[in-house]
Amino acid sequence: MIAVLSKPRDEIDISDIENLIDSQVPESEQIEFKGTLPAKGDDSPDPWISEQKRIGDRAKSKILEEAVAFGNAHGGTLLLGIGESESKPPVAAAISPIPRCAELAERLKQVFRDWVEPQLPVLDIFAVTTEDESGVVIIRVGRSRLAPHRVTKTRVCPIRRADRCEEMTMREVQDMTLNVSRGIERLVKRLSERSEHFEKEFERLETPGNAFGFRMTAAPVGDEIWFDRVFWDNQVVKEYIEPWHTVFFPLNREMSDTRILRDGRILTPEESMKPREDKERDLEDLKDLGIFPDYWRPILRGARAELDFDHCSTDEVRNCYRELHCDGLLEWGFVATRKYDHENFYALSCNLPVVTFANLAVWADRVRRRANTPTAEYALEVEFCVKGGPVSVVRRIVSRQGSDHEQGILQPGLTKFPRYRLDDRDEIHETLALFDRDFWNFLGKNIAPEENILRIKDWPG
């Protein structure tokens, strides 16, 4: 496995770059090396190399064509600052540090925004410093669901063929447009099938017409993820399963109205300076609620975990499940029916949806990295279903004015949220915050900005 293709960006360092040289990694369908920024002639280096504050047009065009070619094909990585041999195919031969590499990486992000149409949905540009401020710039591009893309300055639609970047023919552009459209149709069909499958989960309850639940599905947008099997030797393949994470509010002195401890007290400025365990509030998780699905069994080209009903002690009839499929599809589901309370409402933990969403997102990130496709894009779909009476969603608010409860209502019916996109792992926390806000807005409730600051515990992203 080539580290620069699969490792998270924050884990890549100089040793991974040196390993390319030591292993003499060849250029291929998914990797390209350039020792410096392309220039008009060998005797006139690009302005950036000659210590000027701009990138030449030729360098921009060539870099963009190489990177966009990956997006129009199967995805790949372009490394600037790695010299190559004269063999066929060329192999990584030496590190040729590019000056001000971190600044160059930031500048190239703007170039891609201005010179590529439509914009690449999965693009990661970052620098690895090798000496002083010089080093290697890594440009990773995922296979694009919006292909074909073109470089606007040159009007070229490039594509990667073996170890070469070539211009697409008009017929290829037309065929790719049609194939991408079919890929989106496959995604829509796959998610529609999961919605129908979720409906059948209610049939397992004692009172299916008087119940509620939700489904959260993560489906790869492309077809680059595939495992031969995910269940082996009477157990799920553990390297495909992300450890469970709780979600917490990071509390600090600036969050004056929502300083909450587990016992409901308000943090004082002095308390906010105590060690970490006193400066964050965990959202209760599935394990605390006794509904964590961890009993795996094989299903057709996949694996499914459910609750251990023999150990459930509750007056509710409910089930929580998760599924992992060979094509990379993941799903968390929860259905329940319970006795009415005195107000004729069911009750749903307000934390259950957001914690489940967070774990689905990081699970999808693990699966794509295990498939050696860290730039593969996922679509996340959320569906709530309420049958019978409405469902109350209650949260406790602790502020300087005291403690109070706020109630939202899930009305009967089926609701699908707008789909969420998972591409850059650095944006998972932002996506989590967006879902949390969407959830409360869906209930007709607003949340303070500081309440929307959520973090996934013990996850490096």
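Let's start with R368, which you'll find in helix α7, the stretch covering residues 351-370. Keep in mind that you're looking at a predicted model.

**R368 and its surroundings**

- Is R368 buried or exposed? Its relative accessible area is 0%, and the cut-off for buried is under 20%, so R368 counts as buried.
- What does R368 touch, once you leave aside its neighbours within four places in sequence? Its contacts are I225, T373, P374, A376, Y378, L422, D423, D424 and R425.
- A376, one of those contacts, also turns up in a closer look at the atoms: the R368 side chain reaches the backbone oxygen of A376 at 2.8 Å.
- R368 and S6 sit 362 residues apart along the chain, yet 8.9 Å is what separates their C-alpha atoms.

**Aromatic rings**

- How many aromatic pairs does a search of the whole structure find? The count comes to 19.
- Take F357 and Y420 as an example: their ring centres are 5.3 Å apart and their planes meet at 75°. Planes over 60 degrees apart count as edge-to-face, so that's the label this pair gets.
- F357 belongs to helix α7, while Y420 belongs to strand β25 (residues 420-422), so their pairing ties together parts of the chain that are 63 residues apart in sequence.
- Both partners are tucked away from the surface by the numbers: F357 is buried at 1% relative accessibility, and Y420 is buried at 4%.
- Zoom out a bit and you'll see F357 and Y420 in a cluster linked by ring pairs.

**Charges over rings**

- R100 lies over the face of W48, and the distance to the ring centre is 4.3 Å.
- Over at Y321, the charged end of R304 sits above the ring, 4.3 Å from its centre.

**Cysteines**

- A disulfide is a covalent bond joining the sulfur atoms of two cysteines.
- How many disulfides does the structure hold? The number is 0.
- Now for two cysteines you can look up yourself: C101 has a relative accessible area of 0%, so it's buried. C320 has 2% relative accessibility, so C320 counts as buried too.

Methods. Residues are numbered from 1 along each chain as its sequence is written. This is a predicted model: local features need pLDDT of at least 70, side-chain atom pairs count only at pLDDT 80 or more; totals for chains, interfaces and linings use all residues. Side-chain values use heavy atoms; hydrogens and water are left out. Helices (H or I, at least four residues) and strands (E, at least two) are DSSP runs, numbered from the N terminus. Buried means under 20% relative accessible area, exposed over 50%, partly exposed in between (1.4 Å probe, protein chains only). Contact means heavy atoms within 4.5 Å. A polar contact is a pair of N or O atoms within 3.5 Å; within protein, one must be able to donate a hydrogen and the other to accept it, and residues adjacent in sequence count only if both atoms are side-chain atoms. Rings of Phe, Tyr and Trp (its six-membered ring) pair if their centres lie within 6.5 Å; planes under 30 degrees apart count as stacked, over 60 as edge-to-face and the rest as tilted. A charge sits over a ring if NZ of Lys or CZ of Arg is within 6 Å of the ring centre and within 35 degrees of the ring normal. A disulfide is a pair of cysteine sulfur atoms within 2.5 Å.
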